[in-house]
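Please examine the sequence and structure shown below, then work through each task before reading its solution.

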Amino acid sequence: MALEEKKWLPLYKVDKKITVMVKNYGAGSYYFLQYVHTFEFFNIKNLLNSEEFNVKYSSPNEIPTIAEKLRYYRYKEALLQKDVARHIGISESTYIDYENVNRSYYPLDILRKIADLYKVDFKCLLDDYNLFLYNGQGKQVKKLRKEFGLTQKALANKLNIDRKRIGEWEKNKTRISNDIYAKLKKQFPTVF
């Protein structure tokens, strides 16, 4: 019988992934180690979503929301949501929420960890609202108010909110909501 017709047979199973294989030929024996490598692969739906996303956005600079920027970089690195969550030390469900386009606020420490994973400056992950928060909402609100000669009460009236909130923002005691930030942008388009 020719060598080509002989089959490799398992001789010894070292562990789950490694097996010593043998093929006998005449008086001689041939050996090799067989290693079975397993890995998780994107399912077809994920591949299609990734491709569709890559067609929609050729650059992260075109992406308006943090959620979509996170998805863009994750797809670019071919990672699953659970992989990113594990790397940055949060639960998978929390990370999934970060990729929800309805989410408006993102903790900067988490964004920094994600940016480190993707080897990008964390500021490139920020949208306008979160960049406003990062740059210091209090000093920006106060500067805007002074620039337009407004008291806290006058600004509060323009935004249809309680005057106390303006003081809280300026002292960074509370965070401006995304809705109020949108009103600020609309009221003062030359500033934003």
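**Exercise 1.** Determine how many residues separate β2 and β3 in their hairpin, and which residue in the turn has a positive phi.

*Solution.* Step 1: β2 and β3 form a hairpin with 2 residues between them. Step 2: within the turn, Gly 26 has a positive phi of about 60°. Strands (E, at least two residues) and helices (H or I, at least four) are DSSP runs, numbered from the N terminus.

The model is predicted: local features need pLDDT of at least 70, side-chain atom pairs count only at pLDDT 80 or more, and totals for chains, interfaces and linings use all residues. Residues are numbered from 1 along each chain as its sequence is written, and side-chain values use heavy atoms, with hydrogens and water left out.

**Exercise 2.** Identify the salt-bridge partner of Glu 99, and decide whether Glu 99 is buried or exposed.

*Solution.* Step 1: a salt bridge is a side-chain nitrogen of Lys or Arg within 4 Å of a carboxyl oxygen of Asp or Glu; the structure holds 6 of them. Step 2: the side chains of Glu 99 and Arg 71 meet in one, at 3.6 Å from N to O. Step 3: Glu 99 lies in the loop between α4 (92-98) and α5 (108-118), and Arg 71 in helix α2 (residues 66-76), 28 residues apart. Step 4: both Glu 99 and Arg 71 are buried, that is, under 20% relative accessible area, with exposed meaning over 50% and partly exposed in between (1.4 Å probe, protein chains only). Step 5: a network of salt bridges links Arg 71, Arg 74 and Glu 99.

**Exercise 3.** Explain why the salt bridge of Arg 145 and Glu 170 ties together separate parts of the sequence.

*Solution.* Step 1: the closest N and O atoms of Arg 145 and Glu 170 are 2.6 Å apart. Step 2: because Arg 145 lies in helix α7 (residues 137-147) and Glu 170 in helix α9 (residues 163-170), the pair ties together parts 25 residues apart in sequence. Step 3: Arg 145 counts as buried at 7% relative accessibility, and Glu 170 is buried at 14%.

Notes. Two strands pair if DSSP finds at least two bridges between them.
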